[in-house]
Amino acid sequence: MSVFTTPSRRQLLKLTGAAAVTASLPLVRSAAHASAGGPRHGLSVFGDLKYGPDFTHFEYANPDAPKGGTFIFQAPYWYYNQNTLTYNTFNSFILKGDAPPRMELCFDTLMVRAYDEPDAMYGLIAETVEISEDGNTYTFNLRPEARFHDGSKLTAEDVAFSLMLLKGEGHPQISQNIQELEDAEILDEYRVALHFSGNQSRQLPLLVADLPIFSKRYYTAYDFKQSTLTSPLSSGPFKVGRHAVGRFVEYHKVEDYWGKDLPVLKGQKNFDVVRVEFFRERQIGFEAFKKGDMTYREEFSSKIWATEYNFPAVQDKRVVKKEFPDGRPSGAQGWFINTRREKFKDPRVRRALSYAFDFEWSNKNLFYNLYQRTESFFENSDMKAEGMPSGEELALLEPYRGQLPEEVFETAYLQPVSDGSGADRSLLRQASALLQDAGFTRNGGKLLGPDGKPFAIEFLNNTKAFERIINPYLKNLQRLGIDASFRLVDAAQYQSRLNDYDFDICSRRYSLNATLSEAIRTSWGSEAAATPGTYNIAGISDPVVDALIDKALEADTRSEMVVAARALDRVLRSGHYWVPQWFKPVHNVAVWDMFGHPDVTPRYFFPVEDLWWIDQEKAEKIGKAG
């Protein structure tokens with residue numbers, strides 16, 4: 001399953017629970033909500049910062065972490081045009097091509113996220129930021145010591161060039177989200193003013209501060225819009241090292257990296273080499289992990305987790321299984337239905353498809369009861385709508401009552417619960433009734449649409465491992481008379497077909513940040529539905545959804561944002577744009593027992609390659625010392 005943060009880019013992913021900072025922590029009033037004034041060291045959407053100007057490191061990082069060694073893994077999440085199965089370009093910030101995950105390690109940003117706060121950011125390239133009285137201009141004061149890997153200075157000219165380049169020619173998941181950035185003005189060599197339109201959300205300046213900064217000189221010589229396997233000039237803690245297309249890519253630490261001692265990076269980026277491995281199938285990757293060719297694996301297969309971690313290295317404790325809490329919203333994982341296609345226009349048809357998926361049977365027989373059912377687009381967070389709408393939610397929904405189904409104003413829609421038999425006749429009868437109401441008829445064993453043609457559905461995927469999960473679902477759809485099939489394609493074709501929305505139904509997971517950002521427009525907004533390469537693969541195009549997205553992004557307080565998200569969730573769930581799948585609020589991780597890691601896992605992200613380190617004593621004990 002792909003994971004996106006919508007991601008600020010880490011995010012979608014990348015990819016976090018909507019809770020405020022723990023009450024016992026000291027809060028520093030500052031950032032986007034604070035009044036205009038002097039320079040500040042950090043920003044947050046609603047104004048609270050955990051760390052003061054004199055902080056030395058983030059609490060979830062070990063400032064004394066040993067340095068060195070190699071971290072080898074398959075990427076469990078990725079961003080933009082990145083692909084975990086293969087790659088053909090090192091340009092990760094355009095739509096064209098397939099880039100390897102973790103290219104973001106090579107590029108610095110104006111500010112970086114604190115992963116133990118919902119949305120706070122602190123200065124990296126930018127030492128401080130100033131906000132105008134009207135909140136429409138953010139002036140970033142850059143660190144003069146910032147450098148590209150060739151030793152050239154990183155200046156305001158590079159910042160202005162990069163942000164306007166991304167706005168005009170970047171990946172749609174970037175460019176579509178930053179259109180309210182009007183201009184980037186160079187004030188002097190190390191000061192740049194970002195001018196916003198006045199229509200921007202509170203999150204947008206933070207999203208922009210999290211974008212990669214390029215060398216203007218380099219991208220004046222090279223065409224940014226082209227795919228290339230030439231390693232780009234960059235400025236981050238790593239740069240592209242050894243690589244073999246389709247097999248692996250290594251990111252090598254830059255020893256004289258200019259920012260390595262800054263508080264925002266202290267105790268992080270501890271490995272000398274971060275190596276990403278590529279396999280056409282997850283099972284092949286698992287075999288490589290068992291042999292010790294990879295040293296870390298986040299497991300997404302419940303069957304493998306429950307039954308196959310019994311190989312010799314586990315038995316003699318060279319490999320250990322661990323669970324780490326995942327406090328982020330789990331987001332939306334499911335089979336997304338392409339409503340651009342005429343046969344899926346009627347919501348009754350889409351709803352009927354969900355009655356054929358027997359989650360209760362699948363969880364018991366396929367998933368070893370490791371999962372919970374996903375119901376919401378904001379699962380595992382307080383943004384999930386539950387029960388009857390509150391008065392605050394109704395205040396947002398009532399103006400659109402004439403445009404919404406009545407169920408929006410009732411108990412939040414829940415997926416049907418089966419008898420666990422694998423073919424619940426009652427649910428299949430209800431599905432048949434919905435299809436009949438939508439104008440479908442049975443002709444023997446075939447279901448005919450209102451146009452008289454057989455109703456056929458193709459599920460598109462790029463991994464054979466999913467076949468065992470989808471086959472029972474296909475059988476139930478076939479019981480309804482639907483010609484349902486599974487199509488397996490290679491990684492490049494899969495991404496291309498998703499970019500062009502050339503599919504009936506595909507499986508995806510979207511993870512969210514604790515504070516909603518412009519990225520939700522690319523997931524559910526009408527403009528994104530008509531733009532190739534966005535997250536809105538279901539083709540959701542609804543003016544009410546657009547209006548509620550605006551309400552969520554314009555919220556003055558976190559509580560207002562939560563209310564708007566719940567109202568939005570009700571409307572999205574009533575549209576039946578997907579057949580929701582499952583989630584678990586933990587990271588299931590297996591490692592060769594050679595790593596150290598902080599005692600505290602940050603709530604809002606799990607960047608192992610940033611925070612862990614080689615424990616030399618452990619590595620020597622299992623024969624993995626470098």
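1. How do the axes of helix α8 and helix α11 cross, and within what distance do they come? This is a predicted model. In it, the axes of α8 (residues 347-355) and α11 (residues 425-437) cross at roughly 165° and come within 8 Å. That angle makes α8 roughly antiparallel to α11, because angles over 145 degrees count as such. The crossing of α8 past α11 is left-handed.

2. Which residues make that contact between α8 and α11? From α8 come R348, V349, R351, A352 and Y355. From α11 come L427, L428, Q430, A431, L434, L435 and D437. Sorted by class, the contact of α8 with α11 has eight nonpolar residues, one polar and three charged.

3. Two packed helices are described by the angle between their axes and the distance between the axes. For helix α16 (residues 543-553) and α17, the angle is about 165° and the axes are 8 Å apart. That makes α16 roughly antiparallel to α17. Here too the handedness can be stated: α16 passes α17 in a left-handed crossing.

4. On the α16 side they are V544, V545, L548, I549, K551 and A552. On the α17 side they are M561, A564, A567, L568, V571 and L572. Eleven residues of this contact are nonpolar, none is polar and one is charged.

5. Now the chain as a whole. It has 19 helices and 27 strands. Its radius of gyration is 24 Å, close to the 25 Å that the globule rule gives for 626 residues, so the chain is as compact as a globular protein of that length. Along the principal axes, the C-alpha atoms fill a box of roughly 75 × 60 × 50 Å. Of the 626 residues, 62% count as buried.

6. Look next at G331. It lies in the loop between β15 (319-325) and β16 (332-337). Is G331 buried or exposed? Its relative accessibility is 1%, so G331 counts as buried, the limit being under 20%. Leaving aside neighbours within four places in sequence, G331 is in contact with T374, S376, F377, E379, Y510, S511 and L512.

7. E379 sits in the loop between β17 (372-373) and α10 (391-397). This glutamate is buried, with a relative accessible area of 4%. Which residues does E379 contact, leaving aside its neighbours within four places in sequence? They are P329, S330, G331, R373, T374, K384 and F583. E379 and F583 are 204 residues apart along the chain, and 8.3 Å separates their C-alpha atoms.

8. A184 belongs to strand β9 (residues 181-188). Its relative accessibility is 11%, so A184 counts as buried. Not counting residues up to four places away in sequence, A184 touches A160, M164, V192, A193 and L194. A156 is 28 residues apart from A184 along the chain, with 9.1 Å between the two C-alpha atoms.

9. Two backbone points are worth checking in the viewer. What is the phi of R102? It is near 80°, a positive value in a residue other than glycine. R102 is in the loop between β4 (70-73) and β5 (111-113). R102 is buried, with a relative accessible area of 1%.

10. Where does H576 lie? It is in the loop between α17 (558-574) and β23 (578-580). H576 is buried, because its relative accessible area of 5% is under 20%. The helix on one side of this loop, α17, is the partner of α16 in the packing described above.

Terms used
Residues numbered from 1 in each chain as written. Predicted model: local features only at pLDDT ≥ 70, side-chain atom pairs only at ≥ 80, totals over all residues. Heavy atoms only, no water. Helix = DSSP H or I, 4+ residues; strand = E, 2+ residues; numbered from the N terminus. Buried < 20%, exposed > 50% of the residue type's maximum accessible area, 1.4 Å probe, protein only. Axes fitted to C-alpha atoms, helices over the stretch in contact; angles between N-to-C directions. Parallel < 35°, antiparallel > 145°, perpendicular 65-115°, else oblique. Left-handed = near helix turned anticlockwise from the far one by under 90°. Contact = heavy atoms within 4.5 Å. Nonpolar A, V, L, I, M, F, W, Y, C, P; charged D, E, K, R; others polar. Rg over C-alpha atoms; globule rule 2.2 N^0.38 Å.
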